Amino acid sequence: MLEIQSLSVSYGKSTPTRWLALEQVSLSVQPGEILVVIGPNGAGKSTLIRAVSGALPSLSGSVLVNGTDLAQLSAGQRSRRLAVVPQARQLPAAFSVYQAVLMGRTPYLGWLGQTSSQDHSLARRALEQTLSLELADRRVGELSGGEQQRILLARALAQDTPVLLLDEPTTHLDLQHQSSLLNLVRKLASEKKLAVLMVLHDLNLASLYADRVALLVAGKVRACGLPAEVLTAQDLTSVYNVPVHVVPHPDYGSPLILPDGRFGASL
Amino acid sequence: MKKNIQPYLVNLLCLVAALALSVAVGPVLIKPGVLLRILVSGLPGIAIQPDWPENIAAIVQQVRLPHAILIMLTGAALGGSGAAYQGVFRNPLADPYLIGVASGAGLGAVFAMAIHWPNGLLGLYTIPVAAFLGAALTILVVYSLARVGGSLPTTTLILAGVAVSAFASSLTSFLMLRSNQELRRALGWLMGGSLMSGWEPVLAVLPYVLLGLLLLLGSGHALNVLQFGEEQAIQLGLPAERVKALVLIAASLTTAAAVAFSGVIGFIGLMSPHLARLLWGHDYRRLLPLSMLGGGTALLLADLLARIVLAPQVVPVGLVTALAGAPFFLWVLRRAKNQVYW
């Protein structure tokens, strides 16, 4: 399981320009559970992913995977416990898809990068699980946004970690690709008992796919709980500065968020 | 498996051919058969009755062969370090010359000569160290000048490289102008002509180039992972800062050793990796060795051209590589602009 304890991150070096991007954030994710982090732009959602993954140094607090403090570990040991699916942009276009996915095995490889048959079978399995096996010989640069995002998910699966972080994986995807990717994440979380921490912009997708939702505002956790507890009209209206209606989903009863800001309707 | 070996074979064959051509062609043309027998007779334990004039053997063994090997090592160093810089900076236009490292190394070497670095053999063997210090300092300055946030855009890299290179070159010229006659000879060397002949410079450059190239050869996988960007590399378990430092040190060491004895030669580090990439793909584990082999071949051919085009006068090889390299540079720039394959 993933435990984030009182994590604070600051940007800027000297005191006058220094500000806290994350302040005392505490969250935990159980194996098999999807925790979705939502919040307005600049709330610190991506910063949270970067800090938890160790790509960004934190000011204080700690991140534990199955009880081990990641700060005590090397980059290689860390990435055997926690994999990140970044936003698909600026990927090395000339690499083949298979090569890119195989690089998910980096934490287990030596300096020269010699791969074993086990590494290859795990990379193939990750491609199968993400329904991308037929893409294996294509170049990364030739893929659509949705395919690239699937490849990054496959790379993270090849890393074979108990914890998976995803940073707005649906941002540039259309409706079909959004739901197929999130269905995949849902399935993998249940089958492989992954603890999934996912940042999403879309409140309705968050409501549909999350076991629990954390609402991040100005670097602090404003609320965390079941979608129905966190996605309330009152909270969302005040946080996003736009009046919203929340109605139950016709099939699942989960909250659906309808913005009501048109024609200058204001608070 | 056959597919994996083929590019190495092709490159090795080209290199051997270029090496043979370089030794055979000059003011005195040496026939292939004679050349082969002279070379074989130089091997220990083989006795061939010499049927060639003694001075021909001396030309081959004392002049042409060491010169060709020095040129080959220089080309391999420039090709390998060019590929490495391109990989670390994730920038297709990184070349030891264009980013100013070569000029920095030149300044280091000339400075060492100007302050009368220990003379004799010891001095010869340690001039690459001074060149390395110059190169390392340059890369630090260029890198910090060109960095925008977490990335290194092509434009700022080239601008910073040009500025720092110009600065280093003027300091070098100043040092040479105010010093004695001996150092003025360095002017020709700086433009890419060797200062010394015989085996001594080969032996002086060999340990540095070998060490640097071996370190680079081992860094292919790390450079591959780094192509996803530093952040993703860290998330994939690569200690990105350490990798970058190691590769930059190794590339600067090889560049410095090459510059210390062959002068500031541009564009080999640009052309060789790009041709290898075009023909055999982007995997750095393969790209690095192929760039080294190709760099050696390219510089041998450029040097050959430099020696015969105005014979008996020798054109600085740096002029030849720049003449071929500058148009190539523009071509790569266009491709990079259109994001064709980078």
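What follows is a chat about how to read a few features of this predicted model.

Reader: Staying with chain A, which domains does the assignment give?

Author: Domain 1 covers 1–81 + 161–179 + 190–236, and domain 2 covers 92–160. Taken over C-alpha atoms, the centres of these two domains of chain A are 24 Å apart. Nine residues of domain 1 of chain A are in contact with eight residues of domain 2 of chain A. The domain 1 side of that contact has three nonpolar residues, five polar and one charged.

Reader: Now the strands. How do I read a sheet?

Author: The general idea is that strands of a sheet pair through backbone hydrogen bonds, either parallel or antiparallel. In chain A, four strands form an open sheet in the order S2-S1-S4-S5, with antiparallel pairing.

Reader: Which strands stand at the edges of that sheet?

Author: Strand S2 (19–29) and strand S5 (68–69) of chain A do; each has a single partner strand, so one side of each is left without a neighbour in the sheet. Take S5(A): two bridges join it to strand S4 (residues 60–65) of chain A, in the antiparallel sense. Across that pair, Leu64(A) has Asp69(A) in S5(A) as its bridge partner.

Reader: Where do I find strands that run parallel?

Author: Look at S6(A) and strand S7 (residues 163–167) of chain A, which run parallel and are joined by four bridges. Leu82(A) stands opposite Val163(A) in S7(A).

Reader: And which way do the residues of S6(A) point?

Author: In a regular strand the side chains alternate between the two faces of the sheet. In strand S6 (residues 82–85) of chain A, Leu82(A) and Val84(A) point one way while Ala83(A) and Val85(A) point the other, and all are buried.

Reader: On to helices. Is helix H1 of chain A mostly covered or uncovered?

Author: Mostly covered: eight of the nine residues of H1(A) (residues 45–53) are buried. Among them are Lys45(A) and Arg50(A), along with Leu48(A), Ile49(A) and Val52(A). Just after H1(A), Gly54(A) takes a positive phi of about 90°.

Reader: What span should helix H9 of chain B have?

Author: Count 1.5 Å a residue: the 18 residues of H9(B) (residues 200–217) should span 26 Å, and the end C-alpha atoms are 26 Å apart, which agrees. There is a kink, though, of about 35° at Leu206(B), shortly before the proline Pro207(B). The buried residues of H9(B) include Val205(B), Tyr208(B) and Val209(B).

Reader: Last one: is Gly294(B) buried or exposed?

Author: Buried, because 30 other C-beta atoms lie within 10 Å, and 20 or more is what counts as buried. Gly294(B) lies in helix H14 (residues 284–308) of chain B. Leaving aside neighbours within four places in sequence, Gly294(B) is in contact with Asn11(B), Gly79(B), Ser272(B), Leu275(B) and Ala276(B). Leu65(B) is 229 residues from Gly294(B) along the chain, and their C-alpha atoms are separated by 19 Å.

How values were computed: Residues numbered from 1 in each chain as written. Chains lettered and ligands numbered in written order. Predicted model: local features only at pLDDT ≥ 70, side-chain atom pairs only at ≥ 80, totals over all residues. Domains from an automatic or database assignment. Contact = placed C-beta atoms within 7 Å. Nonpolar A, V, L, I, M, F, W, Y, C, P; charged D, E, K, R; others polar. Buried ≥ 20, exposed ≤ 12 C-beta atoms within 10 Å, placed from the backbone. Pairing = 2+ DSSP bridges. Expected span 1.5 Å × (residues − 1). Bend = angle between axes of the 7 residues up to and from the residue.
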